[in-house]
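Me: I'd like to learn how to read helix packing and a nonpolar core in a model. Could you walk me through it?

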Amino acid sequence: KQQINAFASRLRKKFTIEKTKVNEPVDFLGAEIRKDANGDFILSQANYLRNILKKYKELVTNEEPTTPLPINFQAHKADKSRPGREIGYRKVVGALNFLRLTRVDILFALHELSSFSIYPTDEHVKALTHCLNYLKKNQHIERRFYTGKGSGEIVAISDSSLANTSGLKTVGGSLIFYNKNLISAYSSAQEKVATSSGHAERGSG
């Protein structure tokens, strides 16, 4: 306990540590933390998202898409010979990447958008605008951590695409839950080139 108190004291000298009256955390890496009536913890980045939408408001339109990327989106390779309009593409995608903490619904979209950061074309800018409009419509999505004891059940879900027009690599992803709590989530290109949909599915786990 002495060592913990000493460590906490050093942290307080360097950082501003906010606490509620009952000494419960209210902030984690810029995300707001609150506790509901059941004792479950809820992590939200709604304020951070609102700041992004405000900062890049020139990219936000009145469209209200229901998916993070256009349905059947197949972007072509980035092409420096036909650059898209200057919007600070990498800065916007970089800002959105921080939402990975709570917004697993956009993991695949972030992977796809990040793949074209070097020479984005108007096609990629349009997809980025689509993602921003989706987030504007769905600012309420949060991440919940259940505090009940649970049964210790582990559930894993995985899926993948065979390939896309931007490359030969399959993009796979997975979600792992423990006692209903999401403990791991990712979306990334597989190391090997899949030769069939079955091969791609096996590599996504």
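Reply: Happy to! Let's begin with a term: a nonpolar core is a set of buried Ala, Val, Leu, Ile, Met, Phe, Trp, Tyr and Cys residues joined through side-chain atoms within 4.5 Å. Keep in mind that this is a predicted model.

Me: Thanks. How many residues does the largest nonpolar core have, and which have the most contacts inside it?

Reply: In soluble globular proteins, nonpolar side chains tend to be buried together. Here the largest nonpolar core has 27 residues, and Tyr89, Leu96, Leu113, Leu128 and Leu135 are those with the most contacts inside it. Two or more residues come from each of helix H2 (46-55), H3, H4 and helix H5 (122-137). H5 gives the largest share, 7 residues.

Me: What does Leu96 touch?

Reply: Setting aside residues up to four places away in sequence, Leu96 touches Ile52, Ile106, Leu110, Leu128, Cys131, Leu132 and Leu135.

Me: Now the helices. How do H3 and H4 pack?

Reply: Two packed helices are described by the angle between their axes and the distance between the axes. For helix H3 (residues 89-97) and helix H4 (residues 107-114), the angle is about 155° and the axes are 10 Å apart. Angles over 145 degrees count as roughly antiparallel, and H3 and H4 are therefore roughly antiparallel to each other. H3 passes H4 in a left-handed crossing. On the H3 side, Tyr89, Val93, Leu96 and Asn97 make the contact, and on the H4 side Leu110, Leu113 and Ser114 do. By type, the residues of this contact of H3 with H4 are 5 nonpolar, 2 polar and no charged.

Me: And where do the axes of H3 and H5 stand, in angle and distance?

Reply: The axes of H3 and H5 cross at roughly 35° and come within 11 Å. This crossing of H3 and H5 is left-handed. From H3, the contact uses Tyr89, Val92, Val93 and Leu96, while H5 brings His124, Val125, Leu128, Cys131, Leu132 and Leu135. The contact of H3 with H5 divides into 9 nonpolar residues, 1 polar and no charged.

Terms used:
Residues numbered from 1 in each chain as written. Predicted model: local features only at pLDDT ≥ 70, side-chain atom pairs only at ≥ 80, totals over all residues. Heavy atoms only, no water. Axes fitted to C-alpha atoms, helices over the stretch in contact; angles between N-to-C directions. Helix = DSSP H or I, 4+ residues; strand = E, 2+ residues; numbered from the N terminus. Parallel < 35°, antiparallel > 145°, perpendicular 65-115°, else oblique. Left-handed = near helix turned anticlockwise from the far one by under 90°. Contact = heavy atoms within 4.5 Å. Nonpolar A, V, L, I, M, F, W, Y, C, P; charged D, E, K, R; others polar. Buried < 20%, exposed > 50% of the residue type's maximum accessible area, 1.4 Å probe, protein only.
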